[in-house]
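Q: I have this model open and want a quick tour. Can you start with how a pair of helices cross?

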Amino acid sequence: MPFHDLRRALAEGGAQVATTRPAGSQGRSEEARIRPARLVEHDRLTACPVGSPAACPEPIAFLDGIQRHQVIGYAGAHPIIGAVVAAAVRARGPGGHLHTVAMRCRRLLVGRAAALAGVAPGAHDPVVLPDEEPAHPIRDIDMARAVVDDARTAVEVETGLAFRAERDDWLVVDGSLAESPAFASDPRMLGISKSHATLPFEGPDLVRYLQLPAGHRSSVFQPASHRGAQVYAWGLRLWPWEGRDLLFGLVRIEAAPSPASLAAADAWSRWLLAERVPVSSPDARWDRLLYGIHSVEEYLRAAVLEP
Amino acid sequence: MTPRPPVGRVVATELKPSTPHQFYFWTARESPVGIGTIVRVDAEGRLIHGVVTDGFAYSDLLTPLHAVLGADGDPAVADATARTEVRVFAAAVLRQAPEEPLQPVPLGEVFLADDADVVRALRMDAYVEGDAPTGIPVGLYATGGLEAPVYLDADFLVGPEAAHLNITGVSGLATKTSAVAFQLASVFQRFPVQKGSVAAVCFNVKGPDLCFLDQPGPLDDADRHMYARLGLTPEPFGAVRYFAPYKADGVNLNTLRTHEALAANTEPLVWGLREVLDYAEVLLNRDDIDAKADAFIDFLADRVVGKEFSDTTLRPAPFRVGTFADLEEFFRAIFDAMEAHGRGGEVWRTHHLATIRKVRNRLSNITTRSKGLVTDDGEPNDLPWQAFADRTVYVVDVAGIDPLAQDLVFARVVSKLREHLERRDLGVDHVVVFVDELNKYAPGDGPDTYVRRMLLDLSERGRYLGLVLFSAQQFRSQVHRRVVGNAATAMYGRMDSDELAMAAYGTLTPATKAKLAALPKGELMIRHPHFTQPIFVRFPRPAVLQGRQGVERFPPAPEVPFPQAVARRLRALDPSVTAAAVADLLAGRVEDDVRRALHATERARPEAALAYFRACLGRVVAAEGRGPDRPVPGVATSGDPYA
């Protein structure tokens, strides 16, 4: 180990040693920022033990989405991007087996109007990029990616709402509930964020937040949101992080902003701790990726991307 | 009828590609597919039938370590969500349509086989349909709530295309005897008209196994359902004749089928010198048989036994050797003459005295070792050569006799069957011979015995004659390869795992072996020339009383003193015979005279048995015993070591 001696020296100096950068925990690096949140529980950020894992006693389902995009060609200097976005809900049935109960898929063709003019979209929905700025292939691709991100969010919300229209199960959503006011206000939805590009605290609170022991949650807080709906949130450490990385096993839980959420934060955290098994290996994000969410991803990959 | 939904879909990957002989398919986690299931693949322009030979389950877990870590090392921690599990099965292709060009199995939906599929998959359409069908029901292929009759082709079971059936499996669990009894009944009931007549000769080699084939046995609804599905009538064999040697007393039969209610079709099996001499080779071991002994036995058979033989150097009167007693007298005359000749009298008619004495000793020993089967002086009572009847079972019970005598019985009965079938004068066109414990009579290693050579000959040439071997054993690997190799149809019941580890089972998948090692009673794996892969079938219990049940219902008659035993034998011929009347007749008689009279009566089977018996007793019946043995002179040595 080339840095073994350095790590030992750090440890002797009182620093936290890190060895494993949790895959995907950083989110998009360009979005890394501190957005101070408002504590709605406790006077100062506190690490709270949540108790032993206990599986959710009620029907539960998992929602996730996927996206893929590729540059499929150019019209002059304008890139043309093909994309597919999809989302599904898989519900846990008798015997703990998951089965798909809702699914949506959308195929997109993204580009400037001039680029799309000569293309027959077929089964793809054309999405026109704004023409305000001069064409730049790199910038256009970045804009297309943002369009695909939004499309994926939209299809996830659409799928979740379709599920909710039919069933009253608890729904665990991969990502933030703040993307949709309907999600954010749903008393039987929990959002799980695995990436921590945006952090809710700074200073000593941030240290406490990032050093939550395994099986502990943070005080409930209300994230500052520049565009999304209001939610309550708390950090939860699923696995021991010591010796690995500050973000290892750390997820942010979101729930509807209500006193009920405040009261149930421990119980819901225990549910989610129970969802650690089975682990979602071999996915590199297994320390934060619940198996139910992993199963939805696998399903979507096989159903949408592989054929 | 609502079309049944598919149970799976073919998958082909680089690591597990489809080939013309094998393919893989996945199913739902809960499906009726298992090892041995016959499936159909519907693909555009092609129809493929296959049989499942292996199964695999996968989960998305990369290494057990993750499962251990996830549960914190505690097996009691339950998974909140059941892991994704995939079931993939390997299937061996049974048939493709069209058959040319032969191509890898394409992707397609997989269905459970129905009746019509089973017929096509096993190529039974070639012989169960048409104007002259030759299908013989062997059992039901059953899976997933479906059940379809499976047929063997009579042309490949009893000839002439191929023949013979061999069944193997562990004792008590493989139901070998039941399977053979059922299969014989199936052959008898469904033997194709155009193939003529058929009978069976069964050797009962242990306990009461085959002693009650004419008695109805208990069946349950499931058995009756299977019989109905196979188009068979659940009934015991209508015509069965039992043959058993006497015990050493010459009166009581050496069989467990001695209950008086069953006596009517149980007959003694008695052979004399003529019957034995032709098979002397069976009785003499390898060391005994040399060219000199062989030549002298041939001399006896050709020139002496059953003929008038004159040699005035022995005595003035000609010899008429018909019995062992006569033969002993003949030998004694030779020894007397050579003794009288003095020095130089060690050769008689080119046969050295040592050779003559050796043959005499061996032949004399036969009546001792096979007492009850071979008689010193009586007439034979034999199987009805030239009068075999269609659909009749002849059971020869050799369970209680000396192994040497068993060998003699096998050799002679099978040889006689072959002789008569060659001459087409047996009375039937085909005979099925059932031999249990084949590894004992045709072992893969050990000495080359007459019986093994005979069984080899039967397995290699019998089909041309209509002589068919149904055989059974615990360990197929211990039987001579050519004997089992010539059995076109092979059945496997519950198998011993050590046996399955032998190279002979190398073509079976581990899953098929695992299934064979745990096969329930009443289920068999079958190989047949028309089936390109082994098939599992279920068969009903035979509609006959099984050995153990038979002994409980018809307990063997206790061995009784001589007069009562004679009375019992006579009552088998005429139920009105009383013990008192027989006792009166026997008063003052010599037992040997009584035996001769009894055997003569049993051979004749007269209506008035007691009167006939009385007449036999009153006639000559003078003792023909050989009297006290006299010493045999020693061999005079000439000093020539090559004499």
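A: H12(B) passes H14(B) in a left-handed crossing. Left-handed means that the near helix is turned anticlockwise from the far one by less than a right angle; clockwise would be right-handed. Helices here are DSSP runs (H or I, at least four residues), strands likewise (E, at least two), numbered from the N terminus.

Q: Before we go on, how should I read the numbering and the model?

A: This is a predicted model: local features need pLDDT of at least 70, side-chain atom pairs count only at pLDDT 80 or more, and totals for chains, interfaces and linings use all residues. Residues are numbered from 1 along each chain as its sequence is written, while chains are lettered from A and ligands numbered from 1 in the order written.

Q: OK. At what angle do H12(B) and H14(B) pack?

A: About 25 degrees, with the axes 10 Å apart. H12(B) covers residues 403–423 and H14(B) covers 450–465. Axes are lines fitted to C-alpha atoms over the stretch in contact, and angles between N-to-C directions run from 0 to 180 degrees.

Q: Roughly parallel or roughly antiparallel?

A: The angle makes H12(B) roughly parallel to H14(B). Under 35 degrees counts as roughly parallel, over 145 as roughly antiparallel, 65 to 115 as roughly perpendicular, and the rest as oblique.

Q: Which residues of H12(B) and H14(B) meet?

A: From H12(B), they include B:Phe410, B:Val414, B:Arg418 and B:Leu421. Among those from H14(B) are B:Tyr450, B:Met454 and B:Leu458. Contact means C-beta atoms, placed from the backbone, within 7 Å.

Q: And how does the contact split by class?

A: Nine nonpolar, one polar and three charged residues. Nonpolar covers Ala, Val, Leu, Ile, Met, Phe, Trp, Tyr, Cys and Pro; charged covers Asp, Glu, Lys and Arg; the others, Gly among them, are polar.

Q: What about H19(B) and H21(B), what angle there?

A: About 10 degrees, again with axes 10 Å apart. H19(B) is residues 562–573, and H21(B) is 591–604. The two are therefore roughly parallel to each other. B:Phe562, B:Val566 and B:Leu570 are among the H19(B) residues in the contact, and H21(B) brings residues including B:Val594 and B:Leu598.

Q: Switching topic: how many residues are in the largest nonpolar core?

A: The count is 181, and B:Val431, B:Val432 and B:Val433 have the most contacts inside it. H12(B) gives the most to this core, with nine residues. A core is a set of buried Ala, Val, Leu, Ile, Met, Phe, Trp, Tyr and Cys residues joined through C-beta atoms within 7 Å. Buried means 20 or more other C-beta atoms within 10 Å, exposed 12 or fewer, partly exposed in between.

Q: What does B:Val433 touch?

A: Beyond four places in sequence, B:Val433 touches B:Val201, B:Val414, B:Leu417, B:Leu467, B:Val468, B:Leu469 and B:Phe470. A second, separate core has 80 residues, including A:Ile80 and A:Leu272.

Q: How many residues of chain B are in contact with chain A?

A: 15, against 18 residues of chain A. The chain B side divides into eight nonpolar, four polar and three charged residues.

Q: And chain B overall, how many helices and strands?

A: Chain B has 22 helices and 22 strands. Of its 643 residues, 45% are buried. Its C-alpha trace spans about 100 × 65 × 60 Å along the principal axes.

Q: What is the phi of B:His164?

A: Positive, about 80 degrees, although B:His164 is not a glycine. B:His164 sits in the loop between H4 and S9 of chain B.

Q: Is B:His164 buried or exposed?

A: Buried, because 28 other C-beta atoms lie within 10 Å of B:His164.

Q: And B:Arg123, where is it?

A: B:Arg123 is in the loop between H2 (115–121) and H3 (125–128) of chain B. B:Arg123 also has a positive phi, about 55 degrees. With 18 C-beta neighbours inside 10 Å, B:Arg123 counts as partly exposed. Leaving aside neighbours within four places in sequence, B:Arg123 is in contact with B:Arg95 and B:His530.

Note on methods
Two residues are in contact if their C-beta atoms, placed from the backbone, lie within 7 Å.
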